[in-house]
Amino acid sequence: FGNYVVSMTHEASHILEVLVLAKEFGLAGWSRQGLYSEIAVTPLFETIHDLERMEAVMGRLLDNPEYAEILRSQENVQEVMLGYSDSCKDGGILSSSWSLYQAQLELSALADRRRIHIRVFHGRGGSVGRGGGPTHEAILAQPANTVRGQIKITEQGEVLSFKYANLETAVYELTVGVTGLMRASFGLIQAVPTDDPSFLKVMDELTKTGEAVYRELIQQTPGFMDYFYEATPLNEIAHMNIGSRPSHRQRGDRSMNSIRAIPWVFAWAQSRHVLPAWFGLGSAIRSWRGEDPERLELLRKMYQRWPFFYSLLGNITMAMAKADMTLAAEYATLPRDQKCAQQIFAKIHAE
């Protein structure tokens, strides 16, 4: 059966509940060798808040003696899944990317302290707003010495036909994945340089500004959700029989918590705003850089020397190239409250 993934993991008990069910149906229990489970359980941390609490939740789980014994029966390998789509919907592209980066550093340190192996499972989608982008660069953009000979990545939806529909593209995609994995795993055989502390500090400051600007738009701008529903083809997307899940967690609920990440990204893409994949970066850079040439030079060094920043800006640049404000302006004429809609569109266009 492999791994059982628990979406929206908030507490250690969410993992243990699965093992209780497994015990009830003969998939876990006691043998002469001790506790065992024939299935492994993978917690999935998806929102910014969950990623920030991940270390505490994992620590509580691994402190449980019964769970620790089951993990030993599974060769001390704990898989942890990180969600790209929901974290981006929740806090924007900068906050999502940075939270996921820091989460991997925390998991690596946790594995070293506990003397276990942690396999990171990246829940990436095809579009940039869902963690997409070139595979090779994405693997190399992981924190130094956190990829240790293995990596797990989702491939889903339209990406499957793009990458694997014929032999040549399939071989190419698997080759760039394997070579990326080999290069990212150098830490297994030799010391690798750690991240420049000045780069980390800048990224931390950029993220705070970018997330604040993103949240101000989606959470504090009056009429924003009405604009989203009326200026994008979300309702049409919801009626198409193409997804694995409904577009909303609760039908009829127009809140951010209810709308799922895939239709959120898809609707913005179809209306050519492509908003989740870039919004907040411009304000973050302008605010941090100001008119200081030294700060501009430091940003250039980060782009040239830090694979994470290089990959992040490359993906956002690609997303901005796909955004078309002329077409988005046409969609902005659809909402009933035009005064409110034009104010919101002006905010998006300015960013």
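How are α14 and α15 oriented to each other, roughly parallel or roughly perpendicular? In this predicted model, local features need pLDDT of at least 70 and side-chain atom pairs count only at pLDDT 80 or more, whereas totals for chains, interfaces and linings use all residues. Residues are numbered from 1 along each chain as its sequence is written, and side-chain values use heavy atoms, with hydrogens and water left out. Helices (H or I, at least four residues) and strands (E, at least two) are DSSP runs, numbered from the N terminus.

**Helices α14 and α15**

- The axes of α14 and α15, which are lines fitted to C-alpha atoms over the stretch in contact, come within 5 Å and cross at roughly 95°.
- The two helices α14 and α15 are therefore roughly perpendicular to each other, a class that takes in angles of 65 to 115 degrees, with under 35 counted as roughly parallel, over 145 as roughly antiparallel and the rest as oblique.
- Contact (heavy atoms within 4.5 Å) is made by Leu299, Met302, Tyr303 and Arg305 of α14 and by Pro307, Phe309, Tyr310 and Leu313 of α15.

**Helix α13**

- Leu281, Ser283, Ala284 and Trp288 of α13 (residues 281–289) are buried, that is, under 20% relative accessible area with a 1.4 Å probe and protein chains only, where exposed means over 50% and partly exposed lies in between.
- These residues cover an arc of only 165° around the axis, which puts them on the same side of α13; the arc is that of the directions from the helix axis to the C-beta atoms.
- The cover over the buried residues of α13 includes α5 (93–114), α9 (197–220), α14 (293–305) and α15 (307–322).
- After α13 comes Gly290, which has a positive phi, near 60°.

**The sheet and strand β4**

- An open sheet is formed by 5 strands in the order β1-β4-β5-β6-β7, with parallel pairing, where two strands pair if DSSP finds at least two bridges between them.
- At the edges of this sheet lie β1 and β7 (152–153), each of which pairs on one side only.
- Because 6 of the 6 residues of β4 (residues 40–45) are buried, this strand is largely enclosed by the rest of the structure.
- Ala40, Thr42 and Leu44 are buried on one side of β4, and Val41, Pro43 and Phe45 are buried on the other.
- Strand β1 (residues 3–6) is joined to β4 by 4 bridges, and Val6 has Pro43 as its bridge partner in β4.
- Strands β4 and β5 (residues 77–83) pair over 2 bridges, with Met81 in β5 as the bridge partner of Leu44.

Methods: Axes are lines fitted to C-alpha atoms, for helices over the stretch in contact, and angles run from 0 to 180 degrees between N-to-C directions.
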